[in-house]
Amino acid sequence: QNPVRQKVTSFLDGMPLLGQQGGLQFIGVDQVEVMRGPQSSAFGRATFAGAINYVSATPGDEFVGDMRIATSDLGRNELQFSLAGPINDGYTFAANFDQFDGSDEWFSSDGFELGGQETTYLTGKLTFAPSDKFDGYVRLLYSEIDDEPPIEFFATPAERDACSNVTLGMGNRYLQGPFNCSVAVPSGGYPRNHTPEAIFPEGSPEYFAAQSFSVLDPASRVERQRIQTQLNFHQDSGSTLELLAFYSEDELRRWYDSDTTGADPVVSFPMGMTMVQGVSSMANPNNIEETYLEARWLSPGEGRLRWLVGASVYDYSSLTNVWSQFAGVVLGLEDEANQGNDFIPNLVLSDSSTNSGIYANLTYDITDRTTLSLEGRFQKDDVTNVDNITGNSFNNTTNSFQPRIGLNHTISDQVSVYGQLSAGTNPAGVNLPFVEQVRIDSLRAAAAAGAVAFDESTFLTFDEEELTNLEFGVKASLLDSRLQLAAAIYVME
């Protein structure tokens with residue numbers, strides 16, 4: 001669940017974008033480069049299976065504009081427009097507003113709309129070239145996603161039994177094969193209970209206890225603010241020094257009625273403790289902060305031997321607390337619902353890392369049709385995990401080298417073949433839940449009972465992952481480019 005450990009990473013103009021990637025829009029984008037992995041030598045960590053690079057549009061020689069408006073009978077409304085001006089001291093601006101209300105039948109039994117989605121996406125790019133020796137750009141991006149809870153309807157016991165065709169050993173009914181049953185939309189709405197305190201007298205102990213499990217804002221929200229820049233300094237020798245940097249902040253939160261029923265809670269106070277049964281909610285507020293700085297020196301592009309050297313520093317922090325009583329935290333109900341004690345999150349996902357690397361690439365045209373490329377990256381991943389429940393802190397440092405060797409041969413203007421050997425790495429880390437006392441006690445009790453053969457230390461840490469890929473392929477453009485062919489044979493270990 002940690003976004004820094006994903007196997008494919010998206011990039012904006014060659015700079016990484018972690019966290020929520022599904023909200024990226026194609027508006028303001030000139031092209032999308034999909035590079036199969038591993039891509040660690042070029043991009044660093046979290047590119048085991050490959051990298052996806054969104055290349056932003058660059059303003060042309062003339063002013064251009066575009067506007068699109070769309071609507072539908074399910075409440076889908078979209079407004080999209082873009083503007084761009086001349087390339088020298090030019091600009092681009094693009095915006096997308098997308099709202100989807102869904103069917104009128106999509107509501108919960110306690111009156112909340114379900115299944116709707118809303119996206120606001122703004123991006124702008126300012127290019128400048130005050131001289132032949134210097135140019136660059138600054139790009140701003142803001143996005144906000146505000147989605148209603150999804151529609152999740154579980155069949156009633158009678159509907160489930162009617163659709164089931166297998167009886168398991170303990171007598172449970174189960175479905176095997178295609179689902180051919182009709183499950184109707186519930187007449188009173190999809191069962192939910194976002195305000196479980198409503199059945200109790202306001203201000204009573206039962207009211208506050210149940211309120212700590214309420215869902216004040218049932219939604220999935222993502223807000224991202226990002227600024228990035230690239231500065232290019234062109235030398236008399238024909239080489240170029242490039243400086244790249246960005247800063248980004250993400251705030252994410254999903255908050256749902258996780259028991260997916262309309263049941264009323266049962267509140268009791270055994271031996272002075274507060275017990276709430278029959279309802280549950282889940283919220284996972286997450287904050288991500290990224291800072292990136294890279295410098296690279298490129299040779300002139302016209303020679304048979306071309307080279308690139310660079311260095312980068314990437315600082316990343318992510319903290320997710322998973323709560324079942326998030327309303328109690330937001331409303332400050334520690335005294336009313338938790339005997340004056342702080343509410344404790346169910347789970348902590350924490351990762352802070354500083355990744356520094358140096359890399360180089362050599363490309364040589366052996367002949368007019370055959371090109372050899374060699375590249376590699378030395379990288380240090382300094383990862384720190386902090387459990388803000390126990391205060392325990394863990395640090396792992398992984399030093400790695402990721403190489404790539406590639407050979408490309410052009411058979412004709414329409415057909416080329418290639419071969420490559422590449423390696424990638426994901427750094428070592430810590431599984432923080434295994435330092436929480438309740439899990440330690442549970443595992444020790446289970447081990448003493450003979451139910452498990454491990455304890456809290458068995459999976460506390462995990463080793464560095466390594467991937468090696470050997471691949472040969474062919475690419476062709478045939479029949480006047482009406483037929484495109486890409487084929488490969490590879491082995492990954």
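Predicted model: local features only at pLDDT ≥ 70, side-chain atom pairs only at ≥ 80, totals over all residues.

Q: Let's begin with Arg-139 and Asp-13: are they buried or exposed?
A: Both Arg-139 and Asp-13 are buried. Here buried means under 20% relative accessible area, exposed means over 50%, and partly exposed is in between (1.4 Å probe, protein chains only). Residues are numbered from 1 along each chain as its sequence is written, and side-chain values use heavy atoms, with hydrogens and water left out.

Q: And how do the side chains of Arg-139 and Asp-13 meet?
A: They meet in a salt bridge, at 3.5 Å from N to O. That term stands for a side-chain nitrogen of Lys or Arg within 4 Å of a carboxyl oxygen of Asp or Glu.

Q: Where in the chain are Arg-139 and Asp-13?
A: Arg-139 is in strand β9 (residues 134-147), and Asp-13 is in the loop between β1 (8-12) and β2 (15-17). The pair links distant parts of the chain, 126 residues apart. Helices (H or I, at least four residues) and strands (E, at least two) are DSSP runs, numbered from the N terminus.

Q: How many salt bridges does the structure hold?
A: There are 14. One of them joins the side chains of Glu-375 and Arg-404, at 2.9 Å from N to O. Glu-375 is in strand β20 and Arg-404 in strand β21, 29 residues apart. Both Glu-375 and Arg-404 are buried.

Q: What about Arg-444, which residue does it form a salt bridge with?
A: Its partner is Glu-456, with the closest N and O atoms 2.8 Å apart. Arg-444 lies in helix α6 (residues 437-448) and Glu-456 in the loop between α6 and β24 (461-462), so the pair ties together parts that are 12 residues apart in sequence.

Q: Why does Glu-456 count as buried?
A: Because its relative accessibility is 14%. Arg-444, on the other hand, is partly exposed, with a relative accessible area of 48%.

Q: Which residues are linked in a network of salt bridges?
A: Asp-146, Asp-217, Arg-221 and Arg-253 are.

Q: Switching to rings: how many aromatic pairs are there?
A: The count comes to 16. Rings of Phe, Tyr and Trp (its six-membered ring) pair if their centres lie within 6.5 Å; planes under 30 degrees apart are stacked, over 60 edge-to-face, and the rest tilted. Phe-100 and Trp-106 have ring centres 6.1 Å apart and planes at 75°, so that pair is edge-to-face. Phe-100 counts as buried at 18% relative accessibility, while Trp-106 is partly exposed at 24%.

Q: Which residues do ring pairs link into a cluster?
A: Phe-246, Tyr-292, Tyr-314 and Tyr-316. Phe-246 also has Arg-226 lying over its face, at 3.8 Å from the ring centre. A charge sits over a ring if NZ of Lys or CZ of Arg is within 6 Å of the ring centre and within 35 degrees of the ring normal.

Q: And where does the charged end of Lys-475 sit?
A: Over the ring of Tyr-418, 5.6 Å from its centre.
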